[in-house]
Amino acid sequence: MIVVMEKDATPDQVEHMVQRVQEMGLKAHVIQGTERTVIAAVGDERVTKAEALESGPGVAKVLPILAPYKVASRELKPDPTQVRVGPFAAGAGVVGVIAGPCSVESEEQIMASAHAVKQAGATALRGGAFKPRTSPYSFQGLKEDGLKLLAQAREATGLAVVTEVMSPEEVDLVARYADVLQIGARNMQNYRLLEAAGKSDKAVLLKRGPAATLDEFLLAAEYILNEGNAHVMLCERGIRTFESHTRFTLPLATIAYLHKKTHLPVIIDPSHGTGHAYMVPDMAVAAVAAGADGLMIEVHPDPETAASDGYQSLNFAQFAETMERCRRVADAVDRVICSMEEAAV
Ligand code: PEP
Ligand code: MN
């Protein structure tokens with residue numbers, strides 16, 4: 001942390017701040033500039049209430065240096081983390097693809113989806129059994145029956161299962177059936193849920209809140225990591241902006257920023273990120289080109305009749321073609337899309 005003093009700060013004020021910094025267990029280096037004095041405070045400032053120093057006498061501002069998140073930061077772990085769950089892997093040069101319907105609707109629908117996405121090259125199946133819907137009158141999911149169908153689809157295909165958990169009380173139930181706990185955008189800052197997922201031994205896919213900054217996103221991940229669960233993936237699914245041509249705005253610069261700041265894998269969800277099926281293939285390909293560690297794509301046997309998010313879901317043929325394009329791009333940027341065959345080796 002750097003404490004920048006006012007131009008007219010007195011030597012007494014500088015000395016006072018040096019003492020305050022030392023009381024916090026940090027080392028103070030006074031740097032006398034031509035214009036003003038700054039105090040570099042060295043040590044782990046995250047355990048202290050460093051921001052409060054800004055109200056000290058003669059202080060102009062306090063600038064943090066270390067990231068406010070710790071376990072998630074690259075400073076702590078320079079090597080990228082790869083999350084592996086059954087045949088699925090994401091991170092450290094491997095791109096994992098999670099695909100399937102927005103919601104689990106029926107045995108027929110989820111089984112057909114599982115076989116089709118596996119055939120096209122996905123290694124994880126998605127499908128919501130507990131659905132966070134904007135309206136209480138919309139389809140809320142099949143709940144535990146949906147989880148059972150997902151487990152049945154895993155049994156039949158070997159795909160890893162990714163599904164959302166909406167409350168801390170339901171973590172144990174969902175973890176009984178799922179391989180990856182999805183924490184949805186609306187729950188990104190549900191701290192009790194993050195802690196409960198952090199206590200679970202299942203991997204977690206944390207989706208970015210549509211109005212959360214990337215630092216808030218990383219701090220949310222920190223809640224999970226801090227409980228001892230190291231298998232966390234960050235999913236960019238679009239943020240709310242003034243633009244109305246897309247459901248959300250999908251910032252692919254998130255990939256570059258997060259790769260710089262954290263070792264955790266970054267997954268892109270072009271389905272929620274755009275809200276239009278015709279945009280999904282191009283954004284999926286762009287995400288792979290930009291270095292994404294994984295994709296989460298909504299795929300439905302008949303998007304027109306989907307119980308939720310049909311307008312942004314690909315049909316089987318569109319998904320297969322998208323995978324083909326993604327493989328070509330992955331190859332061009334020296335990355336591999338994880339496959340069932342490789343996982344079996
Ligand atoms: C979903 O993945 O179906 C979903 C509800 O996503 P989000 O939490 O990103 O809105
Ligand atoms: Mn959806």
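About 30 Å³ of space lies in the largest cavity of this predicted model, where a cavity is a set of points, on a 1 Å grid over the protein atoms alone, at which a 1.4 Å probe fits but cannot get out. Grid points are joined across faces, edges and corners, and a volume is the space filled by probe spheres set on the points. The structure holds 1 cavity of 30 Å³ or more. Its lining, meaning residues with an atom within 4 Å of a point, consists of Cys102, Arg126, Gly127, Gly128, Lys131, Val162, Thr163, Glu164 and Gln182. Strand β9 (residues 160-164) gives the most to this lining, with 3 residues; strands (E, at least two residues) and helices (H or I, at least four) are DSSP runs, numbered from the N terminus. By class, the lining has 2 nonpolar, 4 polar and 3 charged residues, where Ala, Val, Leu, Ile, Met, Phe, Trp, Tyr, Cys and Pro count as nonpolar, Asp, Glu, Lys and Arg as charged, and the others, Gly among them, as polar.

A pocket, by contrast, is an open set of points with protein on both sides within 12 Å along at least five of seven lines. The largest pocket has a volume of about 230 Å³, and of the 19 residues that line it, Pro132, Arg186, Arg247, His272 and Asp309 lie nearest its centre. Its lining divides into 3 nonpolar, 7 polar and 9 charged residues.

Two packed helices are described by the angle between their axes and the distance between the axes. Axes are lines fitted to C-alpha atoms, for helices over the stretch in contact, and angles run from 0 to 180 degrees between N-to-C directions. Helix α2 (residues 107-120) and helix α10 (residues 316-332) have axes that come within 9 Å and cross at roughly 25°. The two helices are therefore roughly parallel to each other, a term for angles under 35 degrees. Where they meet, with heavy atoms within 4.5 Å, Ala112, Ser113, Ala116, Val117 and Ala120 of α2 face Phe316, Phe319, Ala320, Met323 and Arg327 of α10. The residues of this contact divide into 8 nonpolar, 1 polar and 1 charged.

Residues are numbered from 1 along each chain as its sequence is written, while chains are lettered from A and ligands numbered from 1 in the order in which they are written. In this predicted model, local features need pLDDT of at least 70, side-chain atom pairs count only at pLDDT 80 or more, and totals for chains, interfaces and linings use all residues, while side-chain values use heavy atoms, with hydrogens and water left out.

How values were computed. Parallel < 35°, antiparallel > 145°, perpendicular 65-115°, else oblique.
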